[in-house]
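Colleague: I am new to this structure and would like to learn how to read its features one by one. Could you take me through them, giving the general idea before each case?

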Amino acid sequence: MYFPVMNDQKPKPLIQSAGSGRKTLKKAINKGEFWKPCPGTTGGYLCCGYQIITPLTGCGMYCRYCVLQSYFEEEGRVLYENFDDLKKEIHDKLSRWNGVVRFGTGEFADSLHAERETGVSVAVAELLEPYSNVIVEFKTKSTVIEPLAAIKHPEKVIIAFSLNTPATISLMERDTAPLEERFRAAAECLEMGFNVAFHFDPIFRYGSWDKEYPSVVDLIYDTVRDTSKIAWVSLGCFRSNPALKTRLKQFDEHLPLYSDEMITGDDGKIRYFRPLRVEVYRVMKEAFYRHQPDAPVYLCMESPEVWEEAGMIDRIPDGLPAYLDGRAGKLLGVVR
Ligand code: SF4
């Protein structure tokens, strides 16, 4: 098996026990809010203005870099039973909302991995169907897409696949779908009438990252013929809160992640030194523009300086949320 070499450190395979408790599925009542704006980050990094709905937390798969490990005490999945409260809250808040809303359920969970057991994504899509200004994104590293055939208006839904290089997937992820299966699922979603999105987050710098990540970009364009169906693509270099590093250090699992030159940013997160991030985004931007000069690529949680130095700031003259609202509005047919 081929593992990427990061700074000449010999990365270890995942320890067997990592993530072993993640497959449990418990039920609970959520007494708080189901809809919250994306927490974004502080320190002047540009946020995309995403709105998060959380009917479920947890994942069922395991990624060494997963920040949920440091967020939740509960390792397994938790499904909130009081879906009627979720419905009421969303109807109430949407009645007071002006303009496009971009919802997602993939911030604190994988949106689709548990769909056969829970049916929760289909229920969320059905709930949002009446609103012409609303689009919802289901983000996944699984290929659990067959339950989505029950969604009546797939054109109002984005199925988003998180991507990485095959080498990184084999080193860092367990139970996620292999890369070629994610692309097969994306092709099927397009046939079913859904829009698609792709997320390269986290991107790691290792020996041949600058060749392997662009090769994955090529696979996107082998898969998607009608590029107007790509809602957006996000790019984000690996970053984490210090708590994740502390946790991984306990198992001596931190080294392949926290390699190369890293700094602590203004938001307290550990990330690659700025010139290294800019280099990644320039390489990725070029890889996309070779196929699609107006590819809807954006940077996740980056500073205006990085947008500028990566040569991408002219994409967002009115800011990142306005740019993405415009993309959503076009897909919904409410913006030309
Ligand atoms: S698929 Fe996503 S939510 Fe699940 S373990 Fe990996 S990073 Fe975490």
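Modeller: By class, the shell around the ligand holds 6 nonpolar, 1 polar and 2 charged residues, where Ala, Val, Leu, Ile, Met, Phe, Trp, Tyr, Cys and Pro count as nonpolar, Asp, Glu, Lys and Arg as charged, and the others, Gly among them, as polar. This is a predicted model, in which local features need pLDDT of at least 70 and side-chain atom pairs count only at pLDDT 80 or more, while totals for chains, interfaces and linings use all residues. Residues are numbered from 1 along each chain as its sequence is written.

Colleague: Which residues surround the ligand?

Modeller: A residue is near a molecule if its C-beta atom, placed from the backbone, lies within 6 Å of it. Here the ligand is surrounded by Cys59, Met61, Tyr62, Cys63, Cys66, Leu68, Asp110, Lys141 and Thr176.

Colleague: What is the order of the strands in the open sheet of 3 strands?

Modeller: Strands (E, at least two residues) and helices (H or I, at least four) are DSSP runs, numbered from the N terminus, and two strands pair if DSSP finds at least two bridges between them. The order in this sheet is β13-β15-β14, with antiparallel pairing. Its edge strands, β13 (239-240) and β14 (262-264), each pair on one side only. Between β13 and β15 (residues 270-272) there are 2 bridges, and serine 240 stands opposite isoleucine 270 in β15.

Colleague: Which backbone angles deserve a second look?

Modeller: Most residues other than glycine have a negative phi, and most peptide bonds are trans. In this model, aspartate 175 has a positive phi, near 75°, and is found in the loop between β10 (173-174) and α6 (179-191). Methionine 301, also not a glycine, has a positive phi of about 55° and is found in the loop between β16 (297-299) and α10 (304-309). A cis peptide bond, with omega about 15°, joins aspartate 201 and proline 202, and proline 202 is found in strand β11 (residues 195-203).

Colleague: Is methionine 301 buried or exposed?

Modeller: A residue is buried if 20 or more other C-beta atoms lie within 10 Å of its own, exposed if 12 or fewer, and partly exposed in between, with C-beta atoms placed from the backbone. Methionine 301 is buried because 22 other C-beta atoms lie within 10 Å, whereas aspartate 175, with 15 C-beta neighbours inside 10 Å, counts as partly exposed.
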